[in-house]
Every structure is written in structure tokens, then in C-alpha cells.
Amino acid sequence: MPDPVLLIAIPLGFAFLIPLLGFISRKIEKFVPPVAMAVNILLSIKLIPYVMKKPIVSSLGGFLHPFSINLYVGPVGLFFSLLISFVGFLVSLYAISYIKEGATQKYHMLFLLLLTGANGAALTADIFNLFVFSEILCISSYALVAYTGSKAGVESATKYLIQGSIGSAFFLIAIGLIYGQFGTLNMAEIAQHVHSVKPINIYLPIAMIISGIGVEAAIFPINAWLPDAHSSAPSTISAVLSGIAIKIGLYVILRFVFTIFGATNLLLILIITAIVTVLVGEFSAFSQNNIKRMLAYSSTGQIGLILFAISLGTSQGISAGFFQLITHTLSKSILFLSTGYMIVKAGSMDMENMIGMGKRMPVSSLSFTIGAFSLVGLPPFIGFPSKFLIVKAAIAKGDILSIVLIILVLLGTVIEAAYFFRAVQTLYFKGDSSSIQRDEAPAIALIPLLLLIVSIIGIGVYPHFLTGFLNKVSSELLNRIAFIRGILG
Amino acid sequence: MGFLNSYIYYIASFGLIFIGLYILVAKSNLIKMIIGLNIADSGVNLLLISIGYIKRGTAPIFSKPNLNPKLMVDPVPQALVLTAIVIGVAVLALALSFAVRLFQHYDTLDMRKIKEQRW
């Protein structure tokens, strides 16, 4: 069995290998991230059979239980590490041709560090370690948003940095308060003793965690950085931020609410926040004329949808939410990656300049269309089974509130369909396209798009391929006792 | 006075955090905002330290015989603060380099005038 710590160590090691390789040749650096991510994919796949039998708990540095930092690789951790390494691999393949100018060496290093932070945050079982990894993720994403050095990039990175730092200060205060009460930082020990303190004493930490890490997760009132940052970053970074970074924020909230505090009575607040997030995100996306800003707002809406499904709190709802998480990661990556070269060729992000792209860049436009249809939830793409499962889970829960809320969510979906269809119409059917020459993106950038198309349609046609795994994921989040026993023995 | 005596560190650290947050909300100069961020960060670090502090406590090292382990301060928060300070320095450096870049682009650091990105 491979040691799960390698999932964190490999991207970290390769990240710092890049400047050393720079002494030999500057041409190697862009191939390092795909290699590191390919190794990570292999490791994660190798871990699947072991994790399916029993979650892996590994102690870092060879220290024994009360002194060590644990890694807990259950179905949830493996889910994220598979998703991160898959998307990271495809995005870094795309970046081989896409990232040409500026400090390319630093770009590839920071990209790998971002993925290290994401992987570590998903795998660790120690709350301070979680904070450190989420800071690695955040700091590298601040720097990457400003990578182009343009006016818009630096401005939105500054805003993102200020909001993100306030968020992490709150998160650190919460960690301090938790440590003061429980005298431990281990998730399992906190979960074990959480009922021995008065409920009033954990309200403040939990509120600070939700509002602090909620900045990273972009849930509604604290998502102001997202549209700026996602639209002015390079497209590869938008794909990673949208596909991975905000999901990690969401994961942290869920880990605290479900596993550590078992605070299921908070789900009502989360579900209402989720609905507001869906509606605000989708309505704002509808009124955008800038294609990347539209996609960024749609990410907000989708985060709301995922949070809605998971905060239903039933095992069906959680697995539907994680299914939607896969849908959004794959579809939003394909959308951002396909718009990447469209923006380069059109010279602008405005919708009007995208007219005729269907003929000029057929493969990219087709990928955009598939991603859009998948997010809207049309069969045979992956979005259909996931949305179907969310509706099914809400109805199966049976109370009037969930039924009313799912209607609001579906309203959001209708708006989403409206703006995505408008975008697809602009690509294919607007303007006179008879004189347009074919001018497609380079072949190496099309490979990740094709792989994403294959996986979107593949999972869309065979959703059962995933359901067993997703059920394990939902039972890990719901079953606190097994989590505690798994770590403490 | 008993209350003040036993909670003075908590009051001070939350005071620093709120001063920092107030600067972030009320000031529009980016450099001042970054200073506010740093004050809030120091407040958080002080809070962590004071959680592990014991009055007249010693370092948790058995450097002399007959040291009472109950009078030793908790070393874990100190280790956390060491890490948090390093993270704070990284964020500070990044924020200042953004400020330099913004000044090159806009010739001002007033965040009210830097608002090309809007809803």
C-alpha cells in the first residue's frame, strides 16, 4: 500500500524541483506539473481498494497518537484527491501551450503549491494543519490571480487577499477558542468530547469557522471577491479556482459541521444561505456581458446548489451534493479551458466578440457547449443525473420546506439555462459566418478538452459507476462514531 | 479587579483584533489597510499565546531539578503562533508587492479610486 502522505509530498517536492531544473533547461519546467499530477492520479487509484475496505490513518513523522498529526484518508479524502489530481493534470496539460509569457517558472511552482494545499486540506485530521494547508492554497491563489500583472488582475488579487486574510484570521481565532476548550487539535478527539462542553461555548467558534472559511467557499454574503478574481485570472487558474479551491472551502465547512461538531441543527441556516447563494449567483450571471464573469457568477450559483443538496442532511442528499460537485468541477473546468483560447483569439472577454466562434474554433466551441449543457442538466451529460438526484433527495426528505426550496433551486436552474443557451447561441448562430477562417487552439490544448468531454459523457451515461463510492462518502460524513474510532482506535 | 486581572490578555487581544478590523473597514488607503490586517493578525497571535499562558509559568523544559510541571506554560499554542507568524509575514509581503503594482498602474493607493472591477 502506498503511503498517503505521498499525495501531499509529491506535488510539494516537484514544486521545489522546478527552480532546480531551471538550471539545466528552462524548457522542462512546464512538463513538471503534469508529471506530478499523473503520479498523484496513479497513487490515488492504487489507494482505492484499501480505502474501500477501511479508511487509512497515517501518523506523520512516526510519532504515536497524542503527539502526532494524523492523515485520515477515508472516502471523502480520496474523493478530493482523485478529483484534484485529475483536474490538476488536465489543467496543467492545457497550460503547457497556454502559459507562455511572464514568470512561467513561478507560475508552475505556485500551481503545484496550490494543489498541495488543496490535497493536504482534504486529507488531514488536525485542525491547525488544516489551517496551514488552506493558507498554502489561499496564498498561492492570491499570487496566481495577479499572475498576468494587468490592472484588473492585481486589483482583484488585492481584494481577494484582503478578504481572504480576514477570513483566515477568523478561522485562526476559532482554532484558538477550540484549543482553549478541548486542549487538543485532533479532529477525532474534539468530536469525541464535543458534547462535554456547553453548546453555547461552541457557537462562537463554529460561527467564526463558517464565516471565515466561507470566504474561500464563496457562499453568499462573502463572495464579493469571486467574480473579480475568477474573471481576471488566467483561464487555467480560473478553472482550478472554480473547480478546486472553492470546493475545499466547502469541504472544510462540512467537515466541521458534520464530523467535528455534529451540529445538524445548523443545517437550516446553511440551507437558507445556500438558496440565497443560488439565486444571487444565477441572477447576477444572467446580467453579465463578460463571458468569464458570467462563468464566475455561475460558480457561485453552483456552490449554492451543492451546499443545498448536502445540507439536506440525508445520505441521499449528501451523495447527490458530491455528485453535483464532480459535475461542477468537470463542467466548469471545460468551460473555462475552452474560453481560454477563445479570449486569446478574440482579444476580448465580451460576448459580442465571441460571435462566429462556432466556425472559427469548432472544437473549443463544442467543448463549451457540452460544458454548458452539462451544467444546465441536459441528458446524456453528467449534469443530468446529479441534478436529478438532488431533486429526488429533496422530495424524498418530504417536508414542505425542502419542497419549497427545491422549487426555488429549479428556478435558479431555469435562469442558468437561459444564459448558457444565450452564450451557445452567440457562439454558433449570431452574425454572418461565411467569411470566417478556421483558427483552432493548438493540439496540446485540445487533449484536455477531449478528455473532459469523454468523462462528462461517460459518467453521464453510466452514473451507477459512481453511486457506490458516493454512498461511502456520505456515510463517512454522517457517521461520526466511525470517524472517531478510526483515528483513536 | 479580579475579572480584569484574569482576563486582561483576552481583552487586549480582542481589542487589537477589533482595532485591525476597524482600520480595514474605515480606511481607504491600501497601506493603512495592510497595517490594519497586520494588527488584527497580531491580536490573533496574542490570543493564541494567552490561551496557553499560566501566571508566573516557566518554559516547558526541565532545565533545573524540582520544576513543577503544573507551572509550565502550554507549548502547543506557542508552536501554532510561530507558524501563524510565518504565514502572516508571507501574506504581508504579498500584499505589499500588490500595493507596489497597484501604485504603478493607478498612481494612487486610495481603494475608493481603484474600482475598475465591479458587479
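1. The model is predicted: local features need pLDDT of at least 70, side-chain atom pairs count only at pLDDT 80 or more, and totals for chains, interfaces and linings use all residues. Residues are numbered from 1 along each chain as its sequence is written, and chains are lettered from A in the order in which they are written.

2. In chain A, the axes (lines fitted to C-alpha atoms over the stretch in contact) of helix 15 (residues 362-376) and helix 17 (residues 400-428) come within 9 Å and cross at roughly 165 degrees. Helix 15 of chain A is therefore roughly antiparallel to helix 17 of chain A (an angle over 145 degrees).

3. Residues that helix 15 of chain A brings to this contact (C-beta atoms, placed from the backbone, within 7 Å) include A:Phe368 and A:Leu375, and those of helix 17 of chain A include A:Phe420 and A:Leu427. The residues of the contact divide into 10 nonpolar, 2 polar and 1 charged.

4. Between the chains, 27 residues of chain B are in contact with 28 residues of chain A. Helix 3 of chain B gives the most to the chain B side, with 13 residues. That side has 21 nonpolar, 3 polar and 3 charged residues.

Conventions:
Axes are lines fitted to C-alpha atoms, for helices over the stretch in contact, and angles run from 0 to 180 degrees between N-to-C directions. Helices (H or I, at least four residues) and strands (E, at least two) are DSSP runs, numbered from the N terminus. Angles under 35 degrees count as roughly parallel, over 145 as roughly antiparallel, 65 to 115 as roughly perpendicular and the rest as oblique. Two residues are in contact if their C-beta atoms, placed from the backbone, lie within 7 Å. Ala, Val, Leu, Ile, Met, Phe, Trp, Tyr, Cys and Pro count as nonpolar, Asp, Glu, Lys and Arg as charged, and the others, Gly among them, as polar.
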